[in-house]
Amino acid sequence: MRLFLKITGYTIFDQMRHKSFYVLLGLCLIFVLMIRGCYSGQYVVNGKLLDSIAVAWYVSNIVFQVIAAGMFLMVILLSMKIITRDHDDGSLVLFLSRPVFRQQYILGRIAGTWFLCLVFMFILHAAVFLTLWARTGTIIFGYLAASLVCSINLLFIAVLVCFLSLYLPDFISAVFTVGILFIGYISDGGYQILNSQILKAAIPSAVPSSPAVWRIVYPKVYMVQAYAASIIDQGSFYNMGPVNPIVNIIIYIVLITALMLAGFNKKEI
Amino acid sequence: MISLNSVIKTFDTVAAVDNITLHVEKGEHFALLGPNGAGKTTVVRMLLGFIKPTAGSILIDTIPASNPVARKGVGYLAEHHMIPSYLSGLDYLRRHASLIGFSGKDARAEVERLLEVVSMEGREKEKSAAYSKGMKQRIGLAAALLGKPKLLILDEPTAGLDPIGIRDVRNVLENLRADNVTVFLNSHLLSEVEKTCRTVAIMNNGKILIKDSLQSIIEKGETLEDVFIKYISDGRRMTDGGGPMEDGRPLR
């Protein structure tokens, strides 16, 4: 455990040494702060003035999802090079020529990357939360809790990319992961839309068919996002199948981690 | 200290290491010699658990080499030693020290001691990207010596070093003899091996051709280079029916 924590710490420390990390964080914060204008604007639809707090509420929800999706890309970029970069710069030999178990090394690297992205995302979500609070006096209870719920997706992605990068070139493993996420978004997003109140109101006769088994067992990344959104707006959440999406993702994390450890143990260095 | 028993390592269909049996005793300064592609580095990688043998067993102090516990008390210097470019020599050594259990004042004292040993004091805070190949090799040697290892595995330790650096490495190895440290040296520099090691093995095509003390294998008027060339070029003992030898006895 001691070595695992040390390697996690080194991973965070190493990533934070890069200036690009701070540039990215700064740019993201500027982007988040730019939405302040949305909170103080006057919006008129069909001659009626919209409630600015309601607008701010919706903007915050959209930005929440944009930040989470942006973090997917960041965690993919950071995770895809963990093994090859360490191999090329001598870090792999540094750790594994010492009494460090391979499991400690790879889990420490992934945990460090995940923790860093989790904090990064939380800072951005907290910036939105505080901006909304300062501008409108509205506190969205559950906004920060939803951020933490979404962070489980980041761990899933980090583990998946790292696992794929054992067998595929880095870029291909990143593209493959994006593909897996994309399919999930189409499948689960479609399901959410078909069950939404808006569609039911528009087409009362529309009855969503029961989804195929593969759609039920597929990694529920989008569903975790939808579940987090339901925490924010206290709205309804339509789960696909009997398993909670968080449990679904945790099962996938455990399975992929086990496969990754088995694969990494056999890897020749 | 080190025990390789009937070790085979194949990559696809090529046998990089072909059924070798080798024992290195505690405190022995042992050199593994051989031409490029002989399988020396494969042996070193197996000793460190970086790769697993296809068959046979490798033990370090009775612990399988694939078990990281076997690397407690083992120092390793790679042929082309790499240090992450964003780390300084000091950061790199502190990281090694931390991984083997040093902390606080002990780590600082140990790192400072070794920076002096490898003549890198004053340059330790520079990023390794600014280091020459020889300086990286010196830092790598310091890392290998951290914590006073019982076994030192050196893969071409003098690669990239200038004559003064080579002399420093030789002095370091000489000093280790007094501490009863086992040295497993993989080198092309036969003149250096003659000065630093008492036992050698010559390896070619994945097989050990001979393992014996320097005194025994170098005949009168010969140098180690003569012996090396003799074994590699004509493979005399292998083809004459004598088979590979260890300590004057045939190797199995």
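Modeller: A definition comes first: a residue is buried when its relative accessible area is under 20%, exposed when it is over 50%, and partly exposed in between. Keep in mind that this is a predicted model.

Biologist: Why is Glu156(B) called buried?

Modeller: Its relative accessibility is 6%. The cut-off is under 20%. Therefore Glu156(B) counts as buried.

Biologist: Where in chain B is Glu156(B) found?

Modeller: Glu156(B) lies in the loop between strand S7 (151-155) and helix H5 (163-178). Its phi is positive, about 50°, although Glu156(B) is not a glycine.

Biologist: What makes Asn19(B) partly exposed?

Modeller: Asn19(B) has a relative accessible area of 38%.

Biologist: Now chain A. How many helices and strands are there in chain A?

Modeller: Chain A has 13 helices and two strands. Its C-alpha atoms fill a box of roughly 70 × 45 × 30 Å along the principal axes. Of its 269 residues, 48% are buried.

Biologist: How do you know that the reach of helix H7 of chain A is close to the expected one?

Modeller: Helix H7 covers residues 102-136, which is 35 residues. The expected span is 1.5 Å times one less than the number of residues. That gives 51 Å, and H7 reaches 51 Å from its first C-alpha to its last. So the span is close to the expected value.

Biologist: Which residue follows H7(A)?

Modeller: Gly137(A) follows, with a positive phi near 75°.

Biologist: What makes residues of chain A and chain B part of the contact?

Modeller: Contact means heavy atoms within 4.5 Å. The contact takes 32 residues from chain B and 27 residues from chain A.

Biologist: What area is buried between chain B and chain A?

Modeller: About 2,600 Å², and carbon and sulfur atoms give 55% of that. The figure is summed over both parts. In chain B, Phe50(B), Arg95(B) and Leu99(B) lose the most area to chain A, together 30% of what that side buries.

Biologist: How far apart are the mean positions of the positive and negative charges of chain A?

Modeller: They are 4 Å apart, for 17 positive and 9 negative charges.

Methods. Residues are numbered from 1 along each chain as its sequence is written. Chains are lettered from A and ligands numbered from 1 in the order in which they are written. This is a predicted model: local features need pLDDT of at least 70, side-chain atom pairs count only at pLDDT 80 or more; totals for chains, interfaces and linings use all residues. Side-chain values use heavy atoms; hydrogens and water are left out. Helices (H or I, at least four residues) and strands (E, at least two) are DSSP runs, numbered from the N terminus. Buried means under 20% relative accessible area, exposed over 50%, partly exposed in between (1.4 Å probe, protein chains only). Lys and Arg count as positive and Asp and Glu as negative; His and the chain ends are not counted. The place of a charge is taken as NZ of Lys, CZ of Arg, CG of Asp or CD of Glu. Buried area is the accessible area (1.4 Å probe) that two parts lose on being put together, summed over both.
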